[in-house]
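Trainee: Before we look at the model, could you show me how to read the packing of helices, domains and chains?
Mentor: Gladly; let us take these topics one after another.

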Amino acid sequence: MIKLKNLSKHFGERTILNNLSMTIDEGETISIIGPSGAGKSTFLRSINLLEMPDKLEMVIDGLSVSAPGITKKQTLEVRRKTSMVFQQYNLFKNKTAIENVMEPLITVKKLSKADAYNVSLKALKSVGMQDKINSFPKQLSGGQQQRVGIARAAAIEPKIMLFDEPTSSLDPESINGILGLIKEQRNKGYTMLIVTHEMNFARQVSDRIFVMENGSFIESGSPKKIFDGSENSRVKEFLKQVN
Amino acid sequence: MQNIDWSFFLNTIPIAFSGIYVTLYVSIVAFLMTIAFSTVISLIRFFNIFILSKITGILISFFRATPFIAQLFFLYFGLRQIFPIFQGLSPTWVLIIALTLNTTAFMAENFRAAIEAVDIGQFEASFSMGLTYLQTMRRIILPQAFKIALPSIGNNFVMLFKGASMGFTIGVIDILSKAKVEASLTGNWFEAYLVAMLIYWVIILIFEQAQKLIEIKLSKS
């Protein structure tokens with residue numbers, strides 16, 4: 001279980017995240033939707049401390065941290081319980097597909113090379129990339145790179161997988177494949193937090209949805225509640241605009 | 001006008017060429033030291049480690065802005081006057097140190113620019129997995145930066161290799177000084193220096209081929 005309390009972030013005078021709290025149960029899939037600039041990505045990146053929050057109390061897998069005052073060691077520990085799938089894939093350009101998946105297994109999980117290879121091969125098979133394990137990122141299409149990105153994030157069996165607009169850079173014909181793959185991860189029992197602009201996908205995959213605007217959650221609940229039963233006029237306005 | 005003495009020309013080739021061991025030894029040792037120092041200094045400057053960053057910045061500025069020959073004479077003739085301990089250093093090692101300092105001043109800045117050219121997403125992906133700063137730099141960033149810096153590494157090696165010929169001014173017996181001795185014994189300046197230059201040229205041509213092969217190999221990723 002992951003518990004976030006009082007997450008706040010400012011850039012200068014501007015409030016990016018305004019006192020956010022969220023509890024995520026094991027195996028749960030939560031989507032965050034909302035207009036551009038609402039702070040969705042910053043929220044996601046605050047969980048693995050790529051953005052250092054001004055204020056945060058977080059418990060993740062028994063580890064408590066609170067900002068300000070998160071140490072380097074705590075930062076590493078938090079990151080080692082999480083993994084992230086990026087909008088721009090961010091595969092290591094100097095490593096092949098399988099080396100990308102192996103990297104955290106070797107350096108962080110301390111697996112032997114042979115074990116890391118076997119785990120990575122299995123992970124790449126499960127995303128349909130078994131024929132490309134020795135390709136470098138630049139030899140792969142965007143969709144293929146994101147498949148490797150998902151395999152890399154899943155292989156370390158994180159306490160939570162963070163998806164930062166995983167389909168926003170993809171060409172239309174790759175999007176459905178990637179969304180299908182994320183659904184598969186959900187069915188495998190991964191805990192997931194997804195920032196997305198794909199409303200139908202969010203509706204299908206999520207246990208709960210949070211709607212964000214100007215750094216605050218303005219509504220949260222089941223997909224049915226958000227999409228069909230929201231009383232919040234700003235939520236309704238946002239959904240009308242994206243549909 | 002004097003005729004070109006081709007037999008002298010041919011005879012000088014093996015004599016000058018025998019200086020190649022010294023030239024290569026000096027160049028390769030200085031080059032390896034330059035790469036090591038440049039890597040460390042570029043990281044200091046990239047992460048802006050306050051006082052060290054300032055100090056290395058001043059040193060870089062100084063060694064870029066002053067003539068190499070002045071640096072060499074300062075290290076060889078100057079330092080031993082004030083600090084007798086430097087009298088124990090051979091001319092060869094003074095040359096190696098001078099070349100290292102001078103080339104590092106250029107290469108450290110090339111390396112820093114190369115590190116800055118690596119996509120920020122590469123750092124983020126690595127950090128997001130819990131790799132430490134050191135692991136991130138060593139396994140992800142520096143290999144990519146090295147590839148970006150490869151053309152400038154090649155240029156710097158060529159400069160260093162040619163700069164090694166300055167050693168003859170402090171008594172290092174290399175290709176150029178062997179040729180110079182032959183020339184002053186016979187008065188055949190044209191042939192002797194032509195031989196020396198051709199040897200430098202051929203070695204650099206070989207080096208450039210090697211560099212191309214490395215670039216082709218790295219272009220896969």
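Mentor: An axis is a line fitted to C-alpha atoms, for helices over the stretch in contact, and angles run from 0 to 180 degrees between N-to-C directions. Helices (H or I, at least four residues) and strands (E, at least two) are DSSP runs, numbered from the N terminus. This is a predicted model, in which local features need pLDDT of at least 70 and side-chain atom pairs count only at pLDDT 80 or more, while totals for chains, interfaces and linings use all residues. Residues are numbered from 1 along each chain as its sequence is written, and chains are lettered from A and ligands numbered from 1 in the order in which they are written.

Trainee: At what angle do helix α5 and helix α7 of chain B pack, and how far apart are their axes?
Mentor: Two packed helices are described by the angle between their axes and the distance between the axes. Helix α5 (residues 91-117) and helix α7 (residues 133-163) of chain B pack at about 155 degrees, with their axes 8 Å apart. Angles over 145 degrees count as roughly antiparallel, under 35 as roughly parallel, 65 to 115 as roughly perpendicular and the rest as oblique; α5(B) and α7(B) are therefore roughly antiparallel to each other.

Trainee: Which residues meet where α5(B) and α7(B) touch?
Mentor: Two residues are in contact if their C-beta atoms, placed from the backbone, lie within 7 Å. Among them, Phe106(B) and Phe111(B) in α5(B), and Ile148(B) and Leu160(B) in α7(B), take part. The residues of this contact divide into 14 nonpolar, six polar and no charged, where Ala, Val, Leu, Ile, Met, Phe, Trp, Tyr, Cys and Pro count as nonpolar, Asp, Glu, Lys and Arg as charged, and the others, Gly among them, as polar.

Trainee: How is chain A divided into domains?
Mentor: Domain bounds come from an automatic or database domain assignment. In chain A they give domain 1 (2-81 + 160-242) and domain 2 (92-157), whose centres, taken over C-alpha atoms, are 25 Å apart. Domain 1 of chain A brings 12 residues to the contact and domain 2 of chain A nine; on the side of domain 1, helix α6 (residues 172-187) of chain A supplies the largest share, five residues.

Trainee: How many residues does each chain give to the contact between chain A and chain B?
Mentor: Chain A gives 17 residues and chain B gives 17 residues. On the side of chain A, α2(A) gives the most, with three residues, and that side divides into eight nonpolar, six polar and three charged residues.
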